[in-house]
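New page in my notebook.

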Amino acid sequence: MNPFQAASFLLAAHELKQLPEDAGSEIVFAGRSNAGKSSALNALAGARKLARISRTPGRTQQLVVFTLDESRRLVDLPGYGYAKVPVELRQHWQPLIEAYLRQRRSLRALVLIMDIRHPLREYDRQLLGFCASLGLPCHCLLTKADKLSRGAASSTLQAVERELRDAGWPASAQLFSALKGTGVDSARERLAALLAPATGEA
Ligand code: GDP
């Protein structure tokens, strides 16, 4: 069973206090604009329109929450790296995102979406380093893997895995293509495991 198939839009939050109760488990999705985050969310859910909600004007600077069931959620962060975004907005959401990552007790992991042709750019590294400092596990999806040959894609994956290991970050990586379906099942399995309640938890 694909737990992400049941994903449905709950709310878009501009402030942490608008988020649902901090209980159960949550996974957050982050990535540079255009890396393929919406496509990845849709591919995981098996629904074409799921993440379009995140892109409606006015919602692009909010945390968009999808529920999977009564205790598990996905959270979509605004894409970063857009020079066009006004400074005031950036000043609002960077502390918001940091506070979210720092304070959210139900947060189990961050999924970092990176275009396989441009992995580990500066803000990606900052985010991974920040999560590592919080002890938050990260799983990287190297998206658009179909844009590279099989050999080039697997050597990029190895290079990324080496960098993650050398940095000492609690992060894993895999190939992903929303277009071809590559890595969709293994990403679902990995995320479902990260969302599973710890033994002994209600
Ligand atoms: P977002 O800004 O990170 O949400 O990115 P989108 O999901 O909107 O994707 C940005 C662009 O990349 C769109 O033109 C997508 O069609 C394209 N794209 C996304 N995923 C893939 C993929 O797996 N393969 C290919 N070839 N293109 C993709």
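This is a predicted model: local features need pLDDT of at least 70, side-chain atom pairs count only at pLDDT 80 or more; totals for chains, interfaces and linings use all residues.

Starting from the N terminus, I read the elements of the protein as β-β-α-β-β-α-β-α-β-α-β-α. That gives me five helices and seven strands. Helices (H or I, at least four residues) and strands (E, at least two) are DSSP runs, numbered from the N terminus.

Residues are numbered from 1 along each chain as its sequence is written, and side-chain values use heavy atoms, with hydrogens and water left out.

Next I looked up the rings. Rings of Phe, Tyr and Trp (its six-membered ring) pair if their centres lie within 6.5 Å; planes under 30 degrees apart are stacked, over 60 edge-to-face, and the rest tilted. I got one aromatic pair by this rule. F9 and F66 make an edge-to-face pair, with 6.3 Å from centre to centre and 70 degrees between the planes. F9 sits in strand β1 (residues 8–13) and F66 in strand β3 (residues 63–67), so the pair links distant parts of the chain, 57 residues apart.

F9 counts as partly exposed because its relative accessibility is 30%. F66 has a relative accessible area of 0%, so I put F66 down as buried.

Last entry: buried residues make up 46% of the 202 residues in the protein.

Notes: Buried means under 20% relative accessible area, exposed over 50%, partly exposed in between (1.4 Å probe, protein chains only).
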